[in-house]
Each structure stands twice: as C-alpha cells, then as structure tokens.
Amino acid sequence: MTFYSEEKIALFIDGSNLYASARSLGVDIDYKKLLEEFSSQGRLVRAFYYTALLEDQEYSPIRPLVDWLDYNGFTMVTKPIKEFTDPTGRRKIKGNMDIELAIDMMELSDHIDHAVLFSGDGDFRRLVEAVQRKGTRVTVVSTVKTNPPMIADELRRQADFFIDLQNLDNIVGRIEQDENEVDLANPMREPA
C-alpha cells in the first residue's frame with residue numbers, strides 16, 4: 001500500500017458494495033483488523049460505513065454488524081430503505097447511500113491527505129476527481145478478480161491507487177474458527 005506515516009486518512013465504506021465484492025471473492029472481512037491496518041498506515045481520522053436499513057422489521061440481519069461497528073470506531077451513516085412498486089407492479093426496494101458518501105468525502109477532503117474509498121461504483125469517478133483537485137490522494141478498494149469485475153474501469157483509472165480486495169484477504173480477512181466458537185468482536189457479515 002502507498003501511504004505515508006504522517007498522512008491523515010479517512011475511510012469511506014460503501015457497505016453493500018463492499019459486501020458484494022467480498023462475497024464474490026469469498027473474503028470474510030474482520031472489521032477490527034481493517035481499522036488496525038489502516039490506522040497503522042497513517043493517522044486515521046475517521047472510518048465511515050454507509051448502509052441502508054429496513055426500519056420496520058422486528059429483526060434485521062445487518063443490525064448486529066451495524067451496532068458492533070458503531071461501538072468500535074466506525075462512524076455509521078444509515079437511512080431507511082424505501083419500498084416502492086415499479087410500473088410493472090413489482091415490489092422493489094431502494095437504499096442508495098451515494099449522496100451521503102459523496103457529501104462526507106467532499107467536506108472532509110479539506111482536513112485529510114488520503115481518502116480510501118471501498119466501492120467499485122463508477123458513479124464515484126467524478127467525486128474522486130473533485131477530491132483529487134483539492135489535493136487529496138484517493139485509494140479505491142474493490143476487485144477486478146471476479147467475472148465481471150466489481151469495479152468500474154473508469155473509477156479504477158481515476159484513483160491514485162487501486163487495492164484489490166483479494167490482496168487484503170490475508171491482512172483483514174477473518175481467520176476460520178471452530179463452528180462452536182463464538183466471535184463476539186466480529187458479528188455476522190452484512191447481507192446484500
């Protein structure tokens with residue numbers, strides 16, 4: 001990784017995009033290790049995690065992860081998932097967090113040296129370009145090792161650096177454990 005020890009770093013994690021990439025690679029992310037790794041690369045200012053939640057359910061499978069992240073060093077940015085019926089009468093859900101992530105990265109770019117974006121969404125290319133014009137270096141974390149790749153080519157090319165998530169598996173991947181053992185520090189993964 002290309003970081004300088006004196007750099008101020010912020011992480012911007014598109015939760016559903018990271019989950020989809022990790023799942024396609026078979027990578028099980030240990031979020032505590034992820035924080036430790038990027039904290040060791042420079043001065044970690046903030047680690048944002050963006051996800052939409054089903055608010056009206058008694059239990060959400062993502063709630064344990066959201067709660068754990070919230071209590072363990074991540075700044076959670078959430079909003080309720082919207083349900084709607086499309087013109088063909090099918091029920092759909094929508095929970096895009098792109099605007100929230102973009103606003104936070106733009107606002108924080110004046111106070112950091114390096115932004116790390118965990119997403120392969122090509123919609124973020126202009127955001128990365130705008131932040132770079134302000135003098136902030138940008139690393140994008142996603143993968144090209146799936147078919148099709150989980151990162152848009154234009155986003156990968158715009159980034160100052162690209163880290164393939166598969167290359168981080170041995171650093172931030174969760175170690176297999178006995179099925180009877182409970183890992184309280186790292187609750188269940190985020191579903192799509």
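What follows is a set of questions and answers on the chain shown above.

Modeller: This is a predicted model, so local features need pLDDT of at least 70 and side-chain atom pairs count only at pLDDT 80 or more, while totals for chains, interfaces and linings use all residues. Residues are numbered from 1 along each chain as its sequence is written, and side-chain values use heavy atoms, with hydrogens and water left out.

Biologist: What is the mean pLDDT of the chain?

Modeller: pLDDT is the predictor's confidence in each residue, from 0 to 100. In this chain 89% of the residues reach 70 or more. The mean pLDDT is 89.

Biologist: What percentage of the residues count as buried?

Modeller: Buried means under 20% relative accessible area, exposed means over 50%, and partly exposed lies in between (1.4 Å probe, protein chains only). The chain has 192 residues. Of these, the buried share is 45%.

Biologist: Which residues of helix H5 are buried?

Modeller: Helix H5 covers residues 125-133. The cover over its buried residues includes helix H4 (98-108), strand S6 (114-118), S7 and helix H6 (153-158). Just after H5, Gly 135 takes a positive phi of about 100 degrees. The buried residues of H5 are Leu 127, Val 128, Ala 130, Val 131 and Gln 132.

Biologist: How many salt bridges does the count give?

Modeller: A salt bridge is a side-chain nitrogen of Lys or Arg within 4 Å of a carboxyl oxygen of Asp or Glu. Some of these residues are linked in a network, namely Arg 125, Arg 126, Glu 129 and Arg 133. The count of salt bridges is 11.

Biologist: Arg 137 forms a salt bridge with which residue?

Modeller: The closest N and O atoms of this pair are 2.9 Å apart. Arg 137 lies in strand S7 (residues 137-142), and its partner is in the segment before strand S1 (8-14), 130 residues apart. Both residues are buried. The partner of Arg 137 is Glu 7.

Biologist: Is Arg 174 buried or exposed?

Modeller: Arg 174 forms a salt bridge with Asp 28, with 3.8 Å between the closest N and O atoms. The pair links distant parts of the chain, with Arg 174 in the segment after helix H7 (165-172) and Asp 28 in the loop between helix H1 (15-25) and helix H2 (31-41). Asp 28 has a relative accessibility of 19%, so this residue counts as buried. Arg 174 also has 19%, and therefore counts as buried.

Biologist: Why are Arg 63 and Asp 67 separated by about one helical turn?

Modeller: Their side chains meet in a salt bridge of 3.5 Å, N to O. An α-helix has 3.6 residues a turn, so residues three or four places apart point the same way. Arg 63 and Asp 67 are about one helical turn apart because their spacing in helix H3 (residues 63-71) is 4 residues.

Biologist: Which kind of aromatic pair do Tyr 31 and Phe 74 form?

Modeller: Rings of Phe, Tyr and Trp (its six-membered ring) pair if their centres lie within 6.5 Å; planes under 30 degrees apart count as stacked, over 60 as edge-to-face and the rest as tilted. The structure holds 6 aromatic pairs. For Tyr 31 and Phe 74 the centres are 6.1 Å apart and the planes are at 80 degrees, so the pair is edge-to-face.

Biologist: In which sense do strand S4 and strand S5 pair?

Modeller: Two strands pair if DSSP finds at least two bridges between them. S4 (residues 82-85) and S5 (residues 91-94) pair over 4 bridges, and they form a hairpin with 5 residues between them. Phe 84 stands opposite Lys 92 in S5. The sense of the pairing is antiparallel.

How values were computed
Helix = DSSP H or I, 4+ residues; strand = E, 2+ residues; numbered from the N terminus. Contact = heavy atoms within 4.5 Å.
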